[in-house]
Amino acid sequence: MSLISCYAAQSATAALSPYKIERRKLGENDIQISIEFCGVCHTDIHFAKNEWGQTHYPVVPGHEIVGIVAALGTNVQKLKIGQRVAAGYIAGSCQICSSCKAGLEQYCLQGFTAIFNSPANDLGGFTYGGYSKSIVIDKNFVLLAPTGLDPAGMAPLLCAGLTTYSPLKHWGVKPGMTVGIIGLGGLGHLAVKLSHAMGAKTVMITTSKGKAADASRLGADEVLISTDVAAMKAMENQFDFLLNTIPSPHDYNHYMGLLKVDSTMCIVGSIGPTSELNTEALVYKRRSISGSFAGGIREAQEMLYFCAKHQIVSDIEIIKMDQINEAFQRIQKNDVKYRFVIDMRSLS
Ligand SMILES: NC(=O)c1ccc[n+]([C@@H]2O[C@H](COP(=O)([O-])OP(=O)(O)OC[C@H]3O[C@@H](n4cnc5c(N)ncnc54)[C@H](OP(=O)(O)O)[C@@H]3O)[C@@H](O)[C@H]2O)c1
Ligand SMILES: [Zn+2]
Ligand SMILES: [Zn+2]
């Protein structure tokens with residue numbers, strides 16, 4: 001069993017540092033991927049710093065993976081060694097419950113296995129993610145990388161792209177609708193591109209005036225500065241759907257008045273307790289507040305082909321593995337345009 005280079009956090013207060021792990025032996029249904037690129041999602045920071053109270057140390061984050069097939073289990077027919085593939089947050093599920101049968105592995109009734117920090121038969125007892133040279137994944141959770149997309153720019157599609165594509169599809173975003181994307185970060189910038197490609201009038205709702213020009217370039221028809229009380233008031237009752245990517249607890253009531261009668265705001269950013277919800281905005285206009293998590297495997301493949309068709313990739317800043325702690329700090333300071341992607345070939 002060979003040792004594999006990676007970066008891990010050893011505690012909630014420690015910086016990420018070089019570490020060696022062992023991957024599980026290649027099973028008959030497994031694929032070993034030599035990782036080329038891994039995106040840096042805000043969720044990686046939440047876990048590295050145990051902000052959601054669920055972290056098992058050492059933790060190796062990383063769940064926006066693009067790489068090359070390095071080895072195949074004896075039962076894997078659909079892929080060839082040397083082919084480019086991709087993997088995201090969901091790396092296992094029971095495959096037999098009603099959710100899994102419906103292609104909603106992320107809502108598996110037995111609990112899904114995440115690509116990192118999930119109890120598993122892997123050596124060490126937990127899965128280790130994509131901030132590493134290579135990974136072993138069940139063939140049912142490996143995606144084909146479409147040709148014609150830059151592999152580094154494709155990596156963030158695996159989480160940020162899927163997490164926003166899934167609710168946009170679920171709530172039937174299409175021409176004629178007005179959609180608001182709240183928060184122009186990793187998730188938000190891809191959500192704007194996707195909503196625009198689905199034909200909706202897309203409004204970027206941001207706290208950052210300085211991002212307005214970028215929002216327009218990414219495909220936003222309008223920009224709404226959420227701290228501008230008069231502008232927010234003027235947009236009341238205008239939206240068919242809101243997608244909220246803000247990473248920390250905040251006052252949801254601030255946005256609910258933007259929705260039309262019967263419309264929904266879907267939360268994909270902050271996960272956990274929040275301030276008291278004022279139900280007035282819900283009750284008086286039959287509005288809904290909902291949530292959405294990642295996406296299913298079939299849907300992930302569909303999303304990659306949709307992005308290939310519309311030439312959608314992430315706007316990225318490529319970093320070397322040893323720049324990860326600086327990247328974490330910059331994400332926390334809202335200083336990234338709009339996703340860091342680690343070139344994993346920089347790790348020896
Ligand atoms: N549900 C899921 O399956 C899922 C999947 C992936 C990630 N996530 C979560 O989604 C969240 C966003 O991830 P990300 O990678 O896109 O993060 P990100 O790159 O840091 O972007 C978040 C954006 O939210 C806005 N924002 C930040 N703090 C804010 C505040 N206090 N009030 C208002 N707006 C604020 C900023 O945009 P502006 O400057 O435009 O205001 C920022 O760029 C994270 O919490 C992550 O864990 C959830
Ligand atoms: Zn299941
Ligand atoms: Zn993510």
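Which of the 30 residues around ligand 1 come nearest?

Guide: Please bear in mind that this is a predicted model. Of the 30 residues around ligand 1, the nearest are H42, G183, G185, T206 and P247. Sorted by class, the shell around ligand 1 holds 17 polar residues, twelve nonpolar residues and one charged residue.

The domain assignment gives domain 1 (4–159 + 295–346) and domain 2 (160–291), and each of them supplies at least three residues to the shell around ligand 1. The C-alpha centres of domain 1 and domain 2 are 26 Å apart. In the contact there are 21 residues from domain 1 and 18 residues from domain 2. On the side of domain 1 that touches domain 2, helix α10 (residues 297–310) gives the most, with five residues. The residues of that side of domain 1 comprise eleven nonpolar, six polar and four charged.

Let us turn next to some strands. Strand β13 (residues 239–244) is mostly covered, for six of its six residues are buried. Strand β10 (residues 178–182) pairs with β13 in the parallel sense, over four bridges, and G180 stands opposite L242 in β13. Strand β14 (residues 259–267) also runs parallel to β13, and five bridges join these two strands. One pair of bridge partners is F239 and L259, the latter in β14.

In α11 (residues 324–332), the buried residues are I324, A327, F328 and I331. Seen down the axis of α11, these buried residues fall within an arc of 105 degrees, so they line one face of the helix. On the other side of α11, E326 and Q329 are exposed. Just after α11, N334 takes a positive phi of about 60 degrees.

To return to your request, the shell around ligand 1 draws at least three residues from each of domain 1 and domain 2, and H42, G183, G185, T206 and P247 come nearest.

Key: Residues numbered from 1 in each chain as written. Chains lettered and ligands numbered in written order. Predicted model: local features only at pLDDT ≥ 70, side-chain atom pairs only at ≥ 80, totals over all residues. Near = placed C-beta within 6 Å. Nonpolar A, V, L, I, M, F, W, Y, C, P; charged D, E, K, R; others polar. Domains from an automatic or database assignment. Contact = placed C-beta atoms within 7 Å. Buried ≥ 20, exposed ≤ 12 C-beta atoms within 10 Å, placed from the backbone. Pairing = 2+ DSSP bridges. Arc of directions from axis to C-beta.
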